[in-house]
Amino acid sequence: MKLGRTVGSWYIFRTDGIYQYDGEVPQALYDKGVRAGDVKYWDRNGDGNITDDDRIVTGNPNPKFSGGWNNTFKYKGLELSLFFTYSYGNDVYASWMIHGSKPGYTRSLLKAYADNRWTGPGTSDKYPRAIYSYSGWNGKNSTMYLTDGSFIRLRSVTLGYTFPQRLVSKIHLKGLRVYAQGDNVFLCSRYPGWDPETSVNLDPRFYGEDNDGVPQPRIFKLGVNITF
């Protein structure tokens, strides 16, 4: 934490694109094996090297605003209920992407990194070259993995029909209703992972981090309400 900054902000490196030519790489980094096609990190203190002193406090896991909207529409015996939730302005640190961006690691390479990787000057200023680089250089904790966690979710939708009393009374019932319900039906978000709400850890050190979190299940139900 840092005075004046949000609790839960991240202390990470800031990425400034990709080195396009070997001549752009500072000598101290070149001597360590950094080359064209590797990630360029902001040298905050200007000493020509990248160390922990160059990290910055950035990001905010807390939304600028969030909420929900719930409404029920009725027409004769039909009933449609909708429940939306939303969040805007929060960041998610997608730490799972670090491993998915490393060729030759223990898991598959992300498609975006495979298809758009740097292959020569001017080819990419976002995705590094395909190499398991020196000391994990291209996979440092950085703003490369800090993503927008804003979303709109259709949390629940229910469509039901209540049969008229004149019909159900013929089978000696006081009420009969059938319905179909869906939970977590729709998600609109620019987040690259499964679900921007996968973080459930309320520890401020980890709040807002998606470390291979399990996405919320999508559930569909059919039901009948009978009143005798």
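Predicted model: local features only at pLDDT ≥ 70, side-chain atom pairs only at ≥ 80, totals over all residues.

Me: What does the accessible surface of the protein come to?

Reply: The total is about 13,600 Å², and 55% of that belongs to carbon and sulfur atoms.

Me: And how many helices and strands are there?

Reply: The protein has four helices and eleven strands. Its radius of gyration is 25 Å, well over the 17 Å that the globule rule gives for 228 residues, so the protein is more spread out than a compact globule. The C-alpha trace spans about 90 × 40 × 25 Å along its principal axes.

Me: What share of the residues is buried?

Reply: Buried residues account for 36% of the 228.

Me: Changing topic: where does Ser124 lie?

Reply: Ser124 is in the loop between helix 3 (111–115) and strand 8 (146–148).

Me: Is Ser124 buried or exposed?

Reply: Ser124 counts as buried, because its relative accessibility is 8% and the cut-off for buried is under 20%.

Me: Which backbone atoms does its side chain reach?

Reply: The Ser124 side chain reaches the backbone nitrogen of Tyr127 at 3.0 Å. The backbone oxygen of Asn116 is reached by the Ser124 side chain at 3.4 Å.

Me: Leaving aside neighbours within four places in sequence, which residues is Ser124 in contact with?

Reply: With those neighbours left aside, Ser124 is in contact with Ile18, Gln20, Asn116, Arg117 and Trp118.

Key
Residues numbered from 1 in each chain as written. Heavy atoms only, no water. Helix = DSSP H or I, 4+ residues; strand = E, 2+ residues; numbered from the N terminus. Buried < 20%, exposed > 50% of the residue type's maximum accessible area, 1.4 Å probe, protein only. Polar contact = N/O pair within 3.5 Å; in protein donor to acceptor, adjacent residues only side chain to side chain. Contact = heavy atoms within 4.5 Å. Rg over C-alpha atoms; globule rule 2.2 N^0.38 Å. Areas by Shrake-Rupley, 256 points an atom, 1.4 Å probe, with all protein chains shown as cover.
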